[in-house]
Each structure stands twice: as C-alpha cells, then as structure tokens.
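Biologist: Here is a model I would like to go through with you. Let us start with the surface and the overall dimensions, then turn to a pocket.

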Amino acid sequence: MKCAFIGLGVMGYPMAGHLQSKGFTTTVYNRTAVKAKQWVEEFGGSMADTPREAVLDADVVLVCVGNDDDVRSVFYGAEGLLTSISENTIVIDHTTASAELARELAEEVHQRIAVFLDAPVSGGEQGAINGVLTAMIGGDKEAYNEAQPLLECYCKTREYMGPAGHGQLAKMVNQICIAGVVQGLAEGLQLARKVGLDADTLIRAISQGAAGSWQMQNRYKTMWEGEYKHGFAVDWMRKDLKIALAEADRNGLSMPLTALVDQFYAEVQQMGGSRWDTSSLLARLEK
C-alpha cells in the first residue's frame, strides 16, 4: 500500500516513521516544512507541500493533527486532501477530535467513493515511539480489516468500536477514566507524604491490589519527585476533556468528577504547567 501521512507532531512523527520503516512507501505533509524535511532525512520516503499533493495516488491517507479545527484545515479548502483522494482510498484520522466531526468526515469521504475511519490513539509519545499504541476505531468495518497491516506497525492493541464516531466516543471514555484515576493518585500521594510514608514501600504494598493502575505503576515515582515532563500535556488533556464534557452535555449527562478535574487542570495551566504531563495534579495540591 502507498501511504500519505499528514501531521508530524510528537505522535505522528514516529507513527509515520514506523510505516516507512516497515515497508509502506510514505509521503508526509506537515504544516512546518522543516519537520517534514527532517523526517525524510531520518526515514526516507518523500514530502509534499500541501495535503492535496500528499494524498495523490495514495491507497491509505492517515491524519494526526491537534484538534477539530486542525483536522478541517487539512481536509477542506483548495489544498485540502478531499480535493484529490482517489476512489476506494482509506482515510484514517488518528486525531483525538469530536464524534460529530468524525461523522461529518465519514459522509464527505463517502461522497468521494472512499472510506473513512476515526481512529484516535492512546499511549502517548513513548507509546508512539515504541509502536505500542492503542487505537479505538469507528467507521467502515471492511476498511478496518483492510488497514490492519498498517495499524500493526504502531498499534499493539486495535479495537473496532462500531460506526463512524464510535472511535472518538471510546477515546472520550478513556480520557474521563484517566482524569479520575490521576486525581485519586495525586491525593493519595499527598497524604502519604504528609504522614511520612515511604513512597516505594507504599506502592509495593498497594499496587497489586484493587488500588493498582497504570498511572500508579508508571507515574508515582516522578510525581513524588516533582517531575512532570514524562507524557501527555495538560493542554491536550483539557482539549480532550472539553470534547468529552460537550458530548455528555449533548446526551443530557452530568459528569461532576470530570468537570472538577478539568478545572483542576485549568489551575495547573495558571501555575505555568500547560506543558507538564497530566500527573501534575499533585503539583496543584502541593503548591
């Protein structure tokens, strides 16, 4: 398969690299051309000046940008990818965006006799570098099956969730669950420090039982040491939680914990922690 990959951020750069390194001829586009040139020098492949040019003759088009507006900017317009995708192209959007946008794009792509998958990923920068991301995928089931060889290049886990938009809905649930777990861990570590517990001994005692979590295993030590440069940034988490809260509101649901943690992250931003990772909720408690 011939691939086009649009968006070379902290996730997209290594994801596209895995495709090229594993034999899928890949053309990349990035808003900042210097980054695309760097990618070509590192991995081979080729670069294009516009999304329209990047997707010419591509069998599969993959997108990984920042938010709904960024997605629209590479799909629409005179230089957007929708102007030049071929019939039967598989378009995969790895951006964490709204389910509404996913359903809109599925229809736009379908009108061009192509197929669309919304496939947000979880696992962060390190997961992308190591090729062990999790993808939650909505859209055309046959296209999902056909895209498996590509997705295997950088996703350890891939789950088909249902029709267009269901990948994004699953990612919202993922972010909601993370927010609550990290806040609980932050409060627990705050108490542990206050009463004089040893962090390593504490985590050995509780991490194998019902209190255990990925966050506890992988973040407790850096949280304890006040290091918050090890993962997904607060700015991006707030973007994701905004999407989740808006979806809840459309469905008449109340999510008080998620709304509260979102406000806690707003306070972290005010502390200058916009680029800290999501475990920085402890920094807010200890300020």
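Biologist: What percentage of the accessible surface belongs to carbon and sulfur atoms?
Modeller: This is a predicted model. Its accessible surface comes to about 13300 Å². The part that belongs to carbon and sulfur atoms is 51%.

Biologist: What share of the contacts with a separation of 6 or more joins residues 24 or more positions apart?
Modeller: The chain is arranged as 14 helices and 9 strands. Buried residues, those under 20% relative accessible area, make up 50% of the 287 residues. Among contacts with a separation of 6 or more, the share from residues 24 or more positions apart is 66%.

Biologist: Which helix gives the most to the lining of the second largest pocket?
Modeller: Two helices, α4 (68–75) and α12 (234–250), each supply at least two lining residues. The lining includes Asp68 and Asp69, as well as Lys239, Lys242, Ile243, Ala246 and Arg250. With 5 residues, the helix that gives the most is α12.

Biologist: How many charged residues does the lining of that second largest pocket have?
Modeller: The pocket holds about 180 Å³ of space. Asn67, Ser98 and Glu100 are also among its lining residues. By class, the lining has 2 nonpolar and 2 polar residues, and the number of charged ones is 6.

Terms used. Residues are numbered from 1 along each chain as its sequence is written. This is a predicted model: local features need pLDDT of at least 70, side-chain atom pairs count only at pLDDT 80 or more; totals for chains, interfaces and linings use all residues. Side-chain values use heavy atoms; hydrogens and water are left out. On a 1 Å grid over the protein atoms alone, a cavity is a set of points where a 1.4 Å probe fits but cannot get out, and a pocket is an open set with protein on both sides within 12 Å along at least five of seven lines; lining residues have an atom within 4 Å of a point. Grid points are joined across faces, edges and corners, and a volume is the space filled by probe spheres set on the points. Helices (H or I, at least four residues) and strands (E, at least two) are DSSP runs, numbered from the N terminus. Ala, Val, Leu, Ile, Met, Phe, Trp, Tyr, Cys and Pro count as nonpolar, Asp, Glu, Lys and Arg as charged, and the others, Gly among them, as polar. Buried means under 20% relative accessible area, exposed over 50%, partly exposed in between (1.4 Å probe, protein chains only). Contact means heavy atoms within 4.5 Å. Accessible areas come from the Shrake-Rupley method with a 1.4 Å probe; for residues, only the protein chains shown count as cover.
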